[in-house]
Amino acid sequence: MLTVTLAALIMSIAIPTFIGINRGAVAKQASYMVYAGLNQAQQKAAITRQRVGFYIVTRVNTPNPWVDNNMTNRSFFLYAADTPDVAKAENFITTIQTLPAPMMFDFTTNGVGSSDSIPTLDMIDPATSVPYFQARGFRFAPAGGLHAQDLDLSSSTAYQFRVVVAEGGTAVGGGYSLKPIGAIRYTNTVNGFTGKVLNR
C-alpha cells in the first residue's frame, strides 16, 4: 500500500514537471527557428546584393501549392524581392517553414509584446494577378539594415521590428489561437538600422 502511495506521489510531481520542460523546449525551438531565419535573410541580402524579406503567412486567399489555412500565423519564409539594378528575379529563398505546435506568431495589438507593427502585403500570382495569400514581413537591404520603405510602413516609431512567437492552443476548425493565460513567449527584435537580431 505504501509503495502504491509513493508511486502515485512521484507520478503527480514528475508528470507536470516533464510537461513543463517539454513546453519550454518547444517554445525555445520555435524562437531559434525564427532567429535563424532572420539572420539568414540578412546574410542573403548582403551576399546577393538584393533585398531579402522575412515573411509570415497570415491569411490564405485562394487555394495554392504553397500554404493552407492550418499554416496561417504559424509559418514563415524568406523571399528575394525585386531590387532595382539587380538582375536576379523575385523568388522564394526557402521553403515555407512551420513552427512546432502549438507555437504561433503573436499579432495581438498589445504593444511591445507582439509583432503587430510589421507591415502587411499580398503575395500575388504574377501570371494571373490573383493574390494567393497575405503575409506580414519586412525586407533586409544589401547594406545590412532594414529597407527604409518597410520601416516607414510600420506603425512603430522605434525603428525596429519585434517578431514574437507565443504558445497557442488548437482552435475550432483545426487552426491555432493564442493561449490566453500563462503563454510562453519569445521575442526576436530586429534593429532597423543595423539589421542585428536580438533573441530573448
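Predicted model: local features only at pLDDT ≥ 70, side-chain atom pairs only at ≥ 80, totals over all residues.
Buried here means under 20% relative accessible area. In a regular strand, side chains alternate between the two faces of the sheet. In S2, Ser75, Phe77 and Tyr79 point one way, while Phe76, Leu78 and Ala80 point the other way.

The neighbours of S2 can be taken in turn. Strand S1 (residues 52-60) pairs with S2 in the antiparallel sense, over 5 bridges, and Gly53 has Tyr79 of S2 as its bridge partner. Strand S3 (residues 91-92) is also antiparallel to S2, joined to it by 2 bridges; here Tyr79 stands opposite Phe92. Strand S4 (residues 97-98) likewise runs antiparallel to S2, again with 2 bridges, and Gln97 of S4 faces Phe76.

Tyr79 also brings us to the open space in the model. Rolling a probe the size of a water molecule over the atoms shows where empty space is left. The largest pocket holds about 350 Å³ of space. Its lining comprises 20 residues, of which Tyr55, Tyr79, Glu90, Leu121 and Met123 are the closest to the centre. Strand S6 (120-124), strand S7 (131-140) and helix H2 (148-153) are the elements that contribute two or more residues to this lining, and S6 gives the largest share, with 5 residues. Sorted by class, the lining of the largest pocket contains 13 nonpolar, 5 charged and 2 polar residues.

Attention now turns to the nonpolar interior. In soluble globular proteins, nonpolar side chains tend to be buried together. The largest nonpolar core has 27 residues, and those that touch the most other members are Val34, Leu38, Phe105, Phe138 and Val163. At least two residues of this core come from each of helix H1 (2-48), S1, S2, strand S5 (103-105), S7, strand S8 (160-170) and strand S10 (185-191). H1 supplies the most, with 7 residues. Leu38 gives a handy view of the packing: leaving aside residues up to four places away in sequence, Leu38 touches Phe54, Phe138, Phe140, Val163, Asn188, Val190 and Val197. A second, separate core has 12 residues, including Tyr55, Val67, Tyr79 and Ile96. Two of these, Tyr55 and Tyr79, were met above among the residues closest to the centre of the largest pocket.

Methods:
Residues numbered from 1 in each chain as written. Heavy atoms only, no water. Buried < 20%, exposed > 50% of the residue type's maximum accessible area, 1.4 Å probe, protein only. Helix = DSSP H or I, 4+ residues; strand = E, 2+ residues; numbered from the N terminus. Pairing = 2+ DSSP bridges. 1 Å grid on protein atoms, 1.4 Å probe; cavity = no way out; pocket = protein on both sides within 12 Å on 5 of 7 lines; lining within 4 Å. Points joined across faces, edges and corners; volume = space filled by probe spheres on them. Nonpolar A, V, L, I, M, F, W, Y, C, P; charged D, E, K, R; others polar. Core = buried A, V, L, I, M, F, W, Y, C linked by side-chain atoms within 4.5 Å. Contact = heavy atoms within 4.5 Å.
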